[in-house]
Amino acid sequence: MQRKLPAYPLFVKDPYFSFWAKTEQTGKESVIFWTGEEKGVYGVARVNGRPYTFLGKIEGVQPAELTHISLTAFATECTFQAGDAQLSVRFVSALPPDDLTMLSCPACYLTYEISGADNAEVFLAMRQDVCYSPESAGEVRGGTVACNGFTAAFFGLKTQAPFTHNEDVCCADWGYFYLSGQHAAYTTAEAFARYVLSGETGENEVVNAPEKYILASARGNSGMLCVAHDDVASVRYFGKVLRGYFMQENTALDALRYTYEQRDAIENAEKKYNERLQKAAKMYGEAYRNVLAASLRQSVGAHKLVRSDKGEVLFLSKECNSNGCMATVDVTYPSAPLYLLYNPELLRGMLRPVFAFAKMPAWPYDFAPHDVGTYPLACGQVYGLHMHRNKLCGDATESGRRQTRPDIYGLPADAQLYALDGQMPVEESANMLILTAALYKADDDLSLFKQNKKQLRDWVGYLVRLGLYPENQLCTDDFAGHLQNNVNLAIKATVGIASYAMLCGAAGMTAAQKKYREIAESYAQKIAALSEGRDCLPLTWEGGDTFGLKYNLAFDKLLGLGLFPSALCEKEADAYLRRANEYGVPLDNRATYTKSDWLLWAAVLTDDTKKRCAFIELLDRYLQNTPTRVPFGDWYDTVSADSISFRNRTVQGGCFILLMQP
């Protein structure tokens with residue numbers, strides 16, 4: 001059986017509801033949260049009276065043997081041999097970008113079919129550790145409730161304290177998990193073990209038990225089981241507590257009911273997206289279909305969908321495993337292709353919080369901010385806070401966590417909050433301009449431009465002054481450190497200026513359009529001249545024997561700006577492929593690591609399908625061979641295939657970029 005991914009999505013909806021299988025042997029290994037933390041989640045099939053695990057590891061219970069695994073748009077499909085019977089299971093997370101109700105409904109499910117057995121039962125179970133991170137363990141309480149058509153069991157911490165932490169690699173310590181099926185129970189560890197082995201629960205005292213479980217079961221040779229998460233309070237958005245988009249007017253039981261009642265609609269949505277992806281990716285082969293299947297649920301599931309008090313869509317990302325920031329601009333930028341393709345309104349929902357914070361006194365700068373807080377608190381930018389002047393990053397709590405104060409956005413302009421050498425002024429300003437233009441091109445909607453003219457005008461002004469020869473500053477690849485005269489950053493600034501010119505033209509501002517278009521063209525000519533006598537553009541204006549992936553050229557092509565000659569782009573792609581290692585092309589000459597999203601953005605530079613496939617195959621080879629079994633990590637080594645960091649990030653939406661080409 002061929003391995004396909006480093007880890008497989010099971011139940012994925014948002015940053016606090018994200019369960020994965022870390023290997024193909026799903027019945028022999030513990031289930032993990034996206035963080036890598038092992039969680040007590042179990043799936044058991046009782047076939048002719050004998051139990052077999054197909055999810056999670058249970059001492060003394062024989063695992064079913066996995067014989068096949070595959071992925072579709074929203075499902076991971078597994079086939080097992082359980083004794084003489086065959087078990088087929090589909091783990092479904094409905095995340096269609098164009099159906100906000102379905103996407104935001106906080107429930108996932110599995111369906112199963114068993115052949116070769118006279119009687120069968122399948123059940124899901126969760127141990128209480130799904131309700132908290134280890135350092136926040138406490139007393140859990142729960143219960144069961146009978147509904148029309150199903151029974152549900154639930155549990156959560158007895159003391160619910162939303163927003164008591166906002167760290168990066170952690171689970172929520174608030175909210176309630178639900179399991180539902182024909183039968184459900186809230187029970188003890190002893191009773192759970194008894195049920196696994198014999199199918200009998202017997203009497204048990206749950207209230208004072210040291211360890212508690214919930215389980216749900218279905219009998220017969222086919223059935224459906226659901227898991228839901230009520231996060232109680234989803235985000236704190238500039239002082240206002242917001243519930244999830246679905247949960248604003250519903251309960252967790254409504255989410256379960258919706259999932260049962262809308263199963264056919266969910267299956268049809270999955271079929272539509274799967275067929276769409278299969279058709280669109282056909283020219284690039286199976287490797288690209290695998291990359292897209294690895295990317296879709298992860299990217300969407302690294303966000304929380306809510307509505308503002310004005311009724312506007314907000315699609316708030318968590319910068320998973322790279323600092324936990326919320327609505328990070330240089331994470332939104334690489335993830336944008338997925339949402340430009342399938343629902344531009346979600347991309348608007350990513351940009352609205354940034355524009356909102358940029359208008360507040362706490363951000364007095366003429367360049368764009370990096371983020372709006374640390375998930376799930378939109379408290380104002382936390383990246384690059386001036387630690388010597390204030391303690392706004394928070395103090396260590398008794399549990400060892402740190403909590404950012406939720407009032408940064410309300411501080412005055414003279415508070416001197418940020419260290420300027422910790423900012424990304426060219427990066428973020430250009431990102432916001434490019435994405436605003438991409439939204440206009442996607443659906444002919446100028447609303448963001450019209451609502452934020454001052455900010456966009458300030459940011460393009462910054463790029464005109466300082467974008468061509470960037471000062472010693474960070475870019476989105478901040479792990480590589482500061483760099484002066486970064487050519488790739490200069491390209492982004494140039495594309496950002498031309499994007500602004502495009503927006504001005506669409507708004508009837510012809511004089512501004514002409515002015516900024518001429519500036520962008522002059523900058524592009526100077527940058528292109530750097531490639532003369534070289535096989536590719538250098539890393540910096542100083543030149544030397546250097547190179548770097550010029551992924552920022554991609555949106556020049558996608559927006560039809562025509563700043564850089566196609567021959568230059570083709571030359572770049574050829575140079576990258578000559579420098580490829582076994583698992584990818586290094587990001588630049590300073591190290592052997594790369595970024596998965598930028599690798600496929602670089603593939604956009606060539607119009608040759610075979611060359612694009614060569615880039616794709618490098619990335620697919622990494623997915624199938626990395627020894628680091630975590631959700632799709634985007635920062636990895638091209639020689640060893642080790643994932644360095646950045647797991648479960650939304651940036652994998654950028655892998656859809658090849659589908660944007662006409």
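What is the handedness of the crossing of helix 8 and helix 10? The crossing is left-handed, a label given when the near helix is turned anticlockwise from the far one by less than a right angle, with clockwise giving right-handed. The structure here is a predicted model, in which local features need pLDDT of at least 70 and side-chain atom pairs count only at pLDDT 80 or more, while totals for chains, interfaces and linings use all residues. Residues are numbered from 1 along each chain as its sequence is written, and side-chain values use heavy atoms, with hydrogens and water left out.

Now for the helix pairs. Two packed helices are described by the angle between their axes and the distance between the axes. Helices (H or I, at least four residues) and strands (E, at least two) are DSSP runs, numbered from the N terminus. Axes are lines fitted to C-alpha atoms, for helices over the stretch in contact, and angles run from 0 to 180 degrees between N-to-C directions. Helix 8 brings Pro425, Val426, Ser429, Ala430, Met432, Leu433 and Thr436 to the contact, and helix 10 brings Leu456, Trp459, Val460, Tyr462, Leu463 and Leu466, where contact means heavy atoms within 4.5 Å. By class, the contact of helix 8 with helix 10 has 11 nonpolar, 2 polar and no charged residues. Here Ala, Val, Leu, Ile, Met, Phe, Trp, Tyr, Cys and Pro count as nonpolar, Asp, Glu, Lys and Arg as charged, and the others, Gly among them, as polar.

Helix 10 also meets helix 12 (residues 510-529), their axes coming within 11 Å and crossing at roughly 35 degrees. This crossing, too, is left-handed. Asn321 sits in the loop between strand 22 (313-317) and helix 6 (329-342). Its relative accessible area is 14%, so Asn321 is buried; buried means under 20% relative accessible area, exposed over 50%, and partly exposed in between (1.4 Å probe, protein chains only). The side chain of Asn321 reaches the backbone nitrogen of Phe646 at 2.9 Å, and a polar atom of that side chain lies 3.1 Å from the backbone nitrogen of Arg647. Leaving aside neighbours within four places in sequence, Asn321 is in contact with Trp34, Asp168, Val169, Ser645, Phe646 and Arg647.

Asp588 belongs to the loop between helix 14 (566-578) and strand 24 (593-595) and, at 6% relative accessibility, counts as buried. A polar atom of the Asp588 side chain lies 2.8 Å from the backbone nitrogen of Arg590. Beyond its neighbours within four places in sequence, Asp588 touches Leu539, Phe547 and Gly548.

What about Lys557? Lys557 lies in helix 13 (residues 554-558) and counts as partly exposed, at 25% relative accessibility. Lys557 and Leu605 are 48 residues apart in sequence, yet 7.8 Å apart in space, C-alpha to C-alpha. The side chain of Lys557 reaches the backbone oxygen of Leu605 at 3.5 Å and makes a polar contact with the side chain of Asp607 (2.8 Å). A polar contact is a pair of N or O atoms within 3.5 Å; within protein, one must be able to donate a hydrogen and the other to accept it, and residues adjacent in sequence count only if both atoms are side-chain atoms. Leaving aside neighbours within four places in sequence, the contacts of Lys557 are Val604, Leu605, Thr606, Asp607, Arg612 and Gln661.

Finally, the backbone. Most residues other than glycine have a negative phi, and most peptide bonds are trans. Tyr375 and Pro376 are joined by a cis peptide bond, with omega about 5 degrees; Pro376 is in the loop between helix 7 (344-358) and strand 23 (377-378). Ala641 has a positive phi, near 70 degrees, and is found in the loop between strand 25 (635-637) and strand 26 (643-645), where Ala641 counts as buried at 0% relative accessibility. Asn648, in the segment after strand 26, has a positive phi near 60 degrees and counts as buried at 1% relative accessibility.
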